[in-house]
Amino acid sequence: MFSFVFIMPLVIYVLHLGPKPSIVTAAALILAGNWVRYIGCRAGARFGLVMFGQILTGLAQPFVLAAPTRYSDLWFTNRGRVGATALTTLANPFGAALGQLIVPFWVNAPGDIPSMVLWVSLISTVSALPSFFIPAAPPTPVAPSAVTPKLGLGASARILFGQVEFWLLFVPFAVYVGFFNSVSSLINQIMEPHGYSDEEAGIAGALLIVVGLVTSAVTSPIIDRTKAFLPAIRIAAPLIALSYLVFIWMPTTRDAAGVAGPYVVLSVLGAASFSMVPVVIEYLVELTHPISPEVTSTIAWSGGQLLGGIFIVISGALKAGSGAAPPYDMHKALVFTAVVAMAVLPLPLCLGLFGRADKLRLRRVRSDELALARSRETV
């Protein structure tokens, strides 16, 4: 997560050249990282070499995770951009979920790890190689905004950081993505002190992702057609904050209600979180056009990754000791999560208020409509 922030300036620069260079960079890092890691496993378990490969694969993520808005801007009209961004963005956690589900079946003893790394390397190679052959751009522009000259990086930064609407979206997005990363990473440590098995905690984590993916698959096409970005955010943000608040007490319901409490709350959290992610990053592009999409998306994702790493460290520090009841309880970490999540909730709800409704115009959609109207008048 911290490596994402470290490499953010380079990601923005490469994406400014186009989505293909960024996707190819990610593919090259994935290929190199996996095979370096495999060599390290086979060469007498050389930790330094294995970790170097791990770092390379970690550096690949920003180049592909920040690319969807740039790719959808180039390849899709305003009737398909949210869906395209959702599909490509949420492929990342879907792949992570598959890895967590499948990889443990390949490892029953330490001696199985090199074979597991080999299989992962082979699958990664098959997945990465097609990236080198994707077209750099469509044969003809799909929409006028796709070829609209974008502002330079310096001008973009000056405008962006002075825009109130950007901060009202960026801060809660970064906080909620950060907490999602934190909770999904620590779900086992949150639930096991209260008597949940590894399998039950694993199912809870899977529900968090799978329910979210399914919900986003339903909501994204609706947003594409209706352009109801603001209502979607005003529904999702309170659900996310309230889910973190209610989840404080869910791990303790094991004896009274079994697994139902955590499963239901995490399902709601996943549905709201995954629905909001593509909406926010596409809405940022709409509100800041003609700032290039990679600037807003990379900054937004970097904030989420940075806070995710920080929240994991803080949650670990708040973890109870062996003398607590129950031992190693993470109740304080859940309280911290809920307090911060509720504190940032008013920010997205203030969008368009206090005489700033005119600042919520969908600039990119409007530019496409105006260009189309002019072309019809010319004909």
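Predicted model: local features only at pLDDT ≥ 70, side-chain atom pairs only at ≥ 80, totals over all residues.
Overall make-up, then. The protein has 17 helices and zero strands. Its radius of gyration is 22 Å, close to the 21 Å from the globule rule for 379 residues, so the protein is as compact as a globular protein of that length. Along the principal axes, the C-alpha atoms fill a box of roughly 75 × 50 × 35 Å. Of the 379 residues, 47% are buried. The accessible surface comes to about 17,300 Å², and carbon and sulfur atoms account for 72% of that.

Helix α9, residues 164-191, packs with helix α11, residues 229-247, at an angle of about 35°, and their axes are 12 Å apart. The crossing of α9 past α11 is left-handed. Which residues make the contact? On the α9 side they are Leu 169, Tyr 176, Phe 179, Phe 180, Val 183, Ile 187 and Ile 190. On the α11 side they are Ile 233, Ala 237, Ile 240, Ala 241, Tyr 244 and Phe 247. By class, that contact has 13 nonpolar residues, with no polar and no charged ones.

Staying on α11, look at Ser 243, which lies in that helix. Is Ser 243 buried or exposed? Its relative accessible area is 6%, and the cut-off for buried is under 20%, so Ser 243 is buried. Leaving aside residues up to four places away in sequence, Ser 243 touches Val 265, Val 268 and Leu 269.

Next, the start of the chain. In helix α2, residues 8-17, the buried residues are Val 11, Ile 12, Val 14 and Leu 15. What do the buried residues of α2 pack against? The partners are α3 (19-42), α4 (47-65), α5 (68-75), α8 (153-160) and α14 (293-318). Just after α2 comes Gly 18, with a positive phi of about 140°.

At the other end, Ala 371 is in helix α17, residues 363-378. Ala 371 has a relative accessibility of 18%, which is under the 20% cut-off, so Ala 371 counts as buried. Ala 371 and Ala 341 are 30 residues apart along the chain, and their C-alpha atoms are separated by 41 Å.

Last, the backbone in the loops. Most residues other than glycine have a negative phi, and most peptide bonds are trans. Here are some departures from that.

Two cis bonds first. His 289 and Pro 290 are joined by a cis peptide bond, with omega about 15°. Pro 290 sits in the loop between α13 (260-288) and α14. The bond from Ala 325 to Pro 326 is also cis, with omega near 0°, and Pro 326 belongs to the loop between α14 and α15 (331-343).

Then positive phi. Tyr 328 is also found in the loop between α14 and α15, and its phi is near 60°, a positive value in a residue other than glycine.

Conventions:
Residues numbered from 1 in each chain as written. Heavy atoms only, no water. Axes fitted to C-alpha atoms, helices over the stretch in contact; angles between N-to-C directions. Helix = DSSP H or I, 4+ residues; strand = E, 2+ residues; numbered from the N terminus. Left-handed = near helix turned anticlockwise from the far one by under 90°. Contact = heavy atoms within 4.5 Å. Nonpolar A, V, L, I, M, F, W, Y, C, P; charged D, E, K, R; others polar. Rg over C-alpha atoms; globule rule 2.2 N^0.38 Å. Buried < 20%, exposed > 50% of the residue type's maximum accessible area, 1.4 Å probe, protein only. Areas by Shrake-Rupley, 256 points an atom, 1.4 Å probe, with all protein chains shown as cover.
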